[in-house]
Amino acid sequence: MTDGFVTASGVSRHFTPSLPLGERIVAAFGGAVERRSVRAVDQVDLSLRKGEALGLVGESGCGKTTLGRMIAGILPPSDGALAIAGEPVMTCGASPRKTTTRVQMVFQDPFASLDPRMRIGDALAEGPIHHGLVSKAGAVAYVRDWLGQVGLEPDYVSRYPHQFSGGQRQRVAIARALAMRPDVLVCDEPVASLDVSIQAQIINLFLKLRRELDLTLLFISHDLGVVRHLCDRVAIMYLGRIVEEGPTHEVYADPRHPYTQALLDSVPKLVLEEGAEVRFKPIQGELPSPLAPPPGCHFHLRCPFAAERCAVERPTLRPVATGRRAACHFAKTDLNIITGSSSSPAVIASGAKQSS
Amino acid sequence: MIDRASPLARFFGEFRESRAAVFGLVVVGLMIGLALLAPLITPQDPYDLASLTLRDARRPPGYVGTAGFTHWLGTDAQGRDLLSAILYGLRISIQMGLVAGAIGLVLGASVGTTAAYLGGRVEAFVMRLIDLQLSFPAILLAFVIAALLGQGKWQLVAALVAAQYAYFARTAHGAAAAERHKDYVEAALSTPLPARRVVFRHILPNALPPLIVVATVQIASAISLEATLSFLGVGLPPTEPSLGMLIANGFPYMLSGRYWISIYPGVALIILIFAVNLVGDQIRDQLNPRLRR
């Protein structure tokens, strides 16, 4: 796990809501007050090789954005360590600051991520000038070059963000991130707020830029189709934990975790085979409250294969095939690893999958 | 969505649509112009004691004085031409309002945005302190400070700023706190850019619209506050009489029928404040997103 280019080891992030005034007063006088915190990200291990594109997939509220923001150096982790090429992303201490420029972020909403009062030329040049990537005199040419790279007219340098459409703004945001010459790009649902036709253009832009610039990509999305198209590997998150991870085509073809299976089955499909039933099953039940996640495996309340053990023991993310890991007690394993009692119920899981 | 006009050009385009605001702006411009040109256009330097004669004292409007020109607004107890005195007074009142407003804006905006950026205990402490100050009437605070510092232009500016910066800080804090967690601020911080640059280049410009509104209101209120303090005798020294002092000087003669000595400076003050408020109201309406078309 530590040989990756981008590594997250044991990373957690807790959010503690501030207490109501009454309870704060009670606490100030030494009273016992229950403080509940949300474990948005709970002890996640993740690593990316250089040049790899990893898709991070999960439902809303599963912590994927929080994990992405920690890797991008916007949020300090509550626990654990993040590094890029062995270098920490943020300083330690009471008020952590981001120190590296090697990771940059593209945000979901291009209408919020650009300063409305700054010309885009200035917005793009600001970071590179500050970090000495380009001189003040050379900034205009540099910015024009990057606008060209993302498929925009170089003459747009003196425009304001409100003069662009959503897709163009996202291109500007991508250019701003890339102008810092990062090795790693964290993209937080960069196409979710765009029209479908524009989504395809932006995805193709990512494919082109990744090839040309040798970027390592962490692509956060809830859209399984987009991830399949763009990513080499995929990691599935559920309530703050990674439940399955592996090469994209293998995970999609043969999911080992019941949540991944359910997620793949819940995608409506347009093309139906002759005589086939509509294979579109929403996941049963509601996402549990992250303030009080269920004990053991977080998914056991909604899992069709849940056994008693699942309600008690947290499953570890363990290897299930070459380059694949899953966090399920009963996941089918191709490796010759003796894993105790997991052999027989694994048949349930795989058998159930075939029958579906 | 795609609009080629710059935000500033659009702003003036919309501003022109309000007749009252344009009227207000013209009046403010006219008064500033008259005040600036006062030494050139007034028939008399009202503070050149040699040019005054007590024979002309307390004459009604329209009186032709010994120096040969008509006193259109009458004369005061020392025989000064009131029109000249008002124009000189305007000069000082506008100057005080603008200087105090500008310093208050810079100080308040810095305090408010910095507190919003830092958050946590610093923010809580600073903002509660400002709330505490805002719970006292501005006039009381200004009065106490002006009385403690003594008479003088800069002492009065200090008193006005001390009384008013809290309004700017409150507004700047509210606007900046709303911007603080927007994506473009996080994007700038994650570049990474230094905090000072993010506060002053990204957060402050976006928190500016409500501050401009408060600035126009506060300039008007600084002018009236200054007039009040001068009227009460803790403001400017008699060598630099503002409108407030002119009103105070005429006050003893009000009941003896010589109304003009107090009334005309008062009318000038009201017109000035009214015009500034007309402009301020239009700016506020235009920058209020809920009233936007």
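Which residues of chain B does UniProt assign to the feature "domain: ABC transmembrane type-1"? The unreviewed UniProt entry places this feature at residues 90-280 of chain B, with positions given in the numbering used here, feature names shortened, and annotations that may be inferred rather than shown by experiment. This is a predicted model, in which local features need pLDDT of at least 70 and side-chain atom pairs count only at pLDDT 80 or more, whereas totals for chains, interfaces and linings use all residues. Residues are numbered from 1 along each chain as its sequence is written, chains are lettered from A and ligands numbered from 1 in the order in which they are written, and side-chain values use heavy atoms, with hydrogens and water left out.

**View 1. The annotated spans of chain B.** Residues 90-280 of chain B are 83% helix and 0% strand, with end C-alpha atoms 19 Å apart; helices (H or I, at least four residues) and strands (E, at least two) are DSSP runs, numbered from the N terminus. The unreviewed UniProt entry also places the feature "transmembrane region" at residues 20-41, 92-118, 130-148 and 259-280 of chain B. Of these spans, residues 20-41 are 95% helix and 0% strand, with end C-alpha atoms 28 Å apart, while residues 130-148 are 84% helix and 0% strand, with end C-alpha atoms 21 Å apart.

**View 2. The open sheet of chain A.** Eight strands with mixed pairing follow the order β6-β7-β8-β3-β9-β10-β12-β11, where two strands pair if DSSP finds at least two bridges between them. Because β6 (103-106) and β11 (318-321) of chain A stand at the edges with a single partner strand each, one side of each is left without a neighbour in the sheet. The twist from one strand to the next averages 25°, with axes fitted to C-alpha atoms (for helices over the stretch in contact) and angles running from 0 to 180 degrees between N-to-C directions.

**View 3. Strands β7 and β8 of chain A, with a helix lying across them.** Strand β7 (residues 184-188) and strand β8 (residues 216-221) of chain A pair in the parallel sense over five bridges, and V186(A) stands opposite L218(A) in β8(A). Helix α2 (residues 64-71) of chain A lies across strands including β7 and β8, and runs at about 155° to β8(A).

**View 4. The interface between chain B and chain A.** In this interface, 22 residues of chain B are in contact (heavy atoms within 4.5 Å) with 31 residues of chain A. There are three salt bridges between the chains, each a side-chain nitrogen of Lys or Arg within 4 Å of a carboxyl oxygen of Asp or Glu. E186(B) forms a salt bridge with R69(A), with the closest N and O atoms 2.2 Å apart.
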